[in-house]
Amino acid sequence: MTDREGIIKPETWVADMQEGKIRRVLVILKEAPCRKTFNLVKHISEDGSRGNTYNNVAMWVFLLQNFKSDNVTTSYKEAIKLKTAEGRTKCLVHAAIINISDNWQKSADGKHTNDKILFENHTAERQQDIEDFIYQIEPDIILCGGKVVVKSLHKFREKPVKLPTTSTKYAKAYAYRIKDIIFPFISMPHPNAHISQKDMYKDLLSLLDKIQLPKIVNPNEEA
């Protein structure tokens with residue numbers, strides 16, 4: 001990983017790991033359609049604005065961080081309060097964010113890179129960098145936005161992950177093994193997809209009711 005992507009706030013990530021009061025979420029997206037000097041970590045920690053992309057990411061991360069926490073309400077009504085620069089930052093400083101592509105180039109329309117091109121350009125070296133990073137930081141859960149992300153991350157695996165263990169209309173849950181660790185792995189549509197934010201959030205909530213996430217340490221359980 002470059003210093004332009006990865007853990008948003010390392011000291012917070014370490015504290016969250018030690019305290020266990022909030023799940024540490026790694027978000028993997030397609031790309032950052034900006035100049036090569038674009039700093040994803042800085043952008044997220046300072047503002048995180050870009051259409052609905054980071055609004056949805058923040059809401060999904062918030063849900064994954066706090067699902068079934070005794071002291072945090074994770075309803076959609078609470079989640080939409082994060083759709084401000086302050087709200088996004090407050091949530092995402094606890095997360096890590098990377099892209100499968102770290103070398104974005106403009107396509108013919110000057111805006112988006114075709115998923116087919118992204119998949120074809122996803123190299124074994126980039127795959128290894130991503131898996132090494134995941135293994136090093138040990139997130140409690142991995143969240144992917146966009147079908148091409150999942151497809152790319154399975155491209156060079158000797159034993160591809162089987163069909164989703166659980167799925168709903170938009171969300172799919174996998175088990176993703178790296179060496180001796182199995183990570184909960186959830187795939188969602190691209191966060192800027194033309195789908196109702198409420199529908200996607202509630203769909204993710206429905207999925208989480210069906211799977212087992214790493215436990216959160218609640219205040220009344222501490223001794």
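1. Helices (H or I, at least four residues) and strands (E, at least two) are taken as DSSP runs and numbered from the N terminus. The model is a predicted one, in which local features need pLDDT of at least 70 and side-chain atom pairs count only at pLDDT 80 or more, while totals for chains, interfaces and linings use all residues. Residues are numbered from 1 along each chain as its sequence is written, and side-chain values use heavy atoms, with hydrogens and water left out.

2. Thr-166 lies in strand β5 (residues 166-167) and is buried, its relative accessible area being 17%, where buried means under 20%, exposed over 50% and partly exposed in between (1.4 Å probe, protein chains only). Residues up to four places away in sequence aside, Thr-166 touches Ala-171, Lys-172, Ala-173, Leu-207, Lys-210 and Ile-211, a contact being heavy atoms within 4.5 Å.

3. Helix α7 has 14 residues and reaches 20 Å from its first C-alpha to its last, close to the 20 Å expected at 1.5 Å a residue, the expected span being 1.5 Å times one less than the number of residues. Buried in α7 are Arg-126, Gln-127, Ile-130, Glu-131, Phe-133, Ile-134 and Ile-137. They cover an arc of only 155° around the axis, which puts them on the same side of α7; the arc is that of the directions from the helix axis to the C-beta atoms. Glu-125 and Gln-136, on the other side of α7, are exposed.

4. Asp-140 sits in the loop between α7 (124-137) and β4 (141-145), and its side chain reaches the backbone nitrogen of Arg-24 at 2.7 Å.

How values were computed:
A polar contact is a pair of N or O atoms within 3.5 Å; within protein, one must be able to donate a hydrogen and the other to accept it, and residues adjacent in sequence count only if both atoms are side-chain atoms.
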